[in-house]
Amino acid sequence: MALIFILAESALELVPKEVANHPSVAKYAEKLGKKPTEILLDRSYHHEAMKRLSCPEKRGRPDIAHITLLEVLGTPLNREALLQTYVHTIDDRVIKVNPAVRLPRNFERFKGLIEQLYAAGRVPKSGEALLSIERLNLKELKEKVNPSKVIAFSTVGKPKTLSDVCSEIAEEENPAVIVGGFPHGHFRESTLKIADEVIRVDKEALEAWVIASRIIYQYELATGLPEKRLWQARL
Ligand SMILES: C[S@@+](CC[C@H](N)C(=O)[O-])C[C@H]1O[C@@H](n2cnc3c(N)ncnc32)[C@H](O)[C@@H]1O
């Protein structure tokens, strides 16, 4: 029994060809000694270039995946290997995250690692993969992981408390939860279609990492994990 966590439509992608020659991108890539199409799109540096892209409000925020991954991978649920984590990207790639991976705390180092992942398809290049990436849309990911139930979290969903949602999914064999890895805007229709329920848990739009860590904590409470871990405590 494990919880499948999917950060969906994440604002994580390499610089697209159509803005690769923009001065803000070319200069930044040169500083790093890389080709523009080998670096991650990042609004902090590529704001001007991004004005040319479609849906710019949903793109160029790799920090969302970074912070969310640090949050979810550090949880007791993940330490117990009861969490399967996937990052689906805005351009339909899926990063499979090994629960044992220790990601860089430093954001620039995280970006370097993800750029390495894009180049090689997996990290490290040999041995057990800690991160691997493949072209996959969310429907294909759902077919692959075969969850017993899929809950998507969105401010346009049906209102329900997180504690109620998590008590329900705690009864499931392998439920999946979907959180948006983008700063603004809403899920695509195709994302909403793969969900059994779309749930709103607050009156405001909260950050993805806040929602992610609260889902996992409530799920831990609903499955009795804190008690189980306490009585096994090692001093
Ligand atoms: C910064 S929000 C994205 C903004 C988007 N305008 C929205 O309303 O969902 C990032 C993600 O956190 C989750 N989220 C944020 N606030 C939420 C809420 N009140 N209820 C349910 N999910 C929420 C959703 O999965 C959302 O895609």
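A nitrogen atom of the ligand sits 3.0 Å from a polar backbone atom of G185. This is a polar contact, a pair of N or O atoms within 3.5 Å.

| Residue and its atom | Ligand atom | Distance |
|---|---|---|
| G185, polar backbone atom | nitrogen | 3.0 Å |
| G180, polar backbone atom | oxygen | 2.9 Å |
| F153, backbone N or O | oxygen | 2.5 Å |

On its own, the ligand has 540 Å² of accessible area, and the protein covers 94% of it. Such areas come from the Shrake-Rupley method with a 1.4 Å probe. There are 19 residues around the ligand, each with a heavy atom within 4 Å of it. F153, T155, G185, E204 and L206 come nearest.

The model is predicted: local features need pLDDT of at least 70, side-chain atom pairs need 80 or more, and totals for chains, interfaces and linings use all residues. Numbering runs from 1 along each chain as its sequence is written, and side-chain values use heavy atoms, without hydrogens or water.

S154 belongs to strand 6, residues 150-159. Strands are DSSP runs of E, at least two residues; helices are runs of H or I, at least four; both are numbered from the N terminus. S154 counts as buried because its relative accessibility is 12%. Buried means under 20% relative accessible area, exposed over 50%, partly exposed in between (1.4 Å probe, protein chains only). The S154 side chain reaches the backbone nitrogen of V156 at 3.0 Å. Beyond its neighbours within four places in sequence, S154 contacts H186, F187, V198, I199 and R200; contact means heavy atoms within 4.5 Å.

Helix 9 has buried residues too, among them W209, I215 and Y219. G224 follows helix 9 and has a positive phi, near 70°.

How values were computed: Polar contact = N/O pair within 3.5 Å; in protein donor to acceptor, adjacent residues only side chain to side chain.
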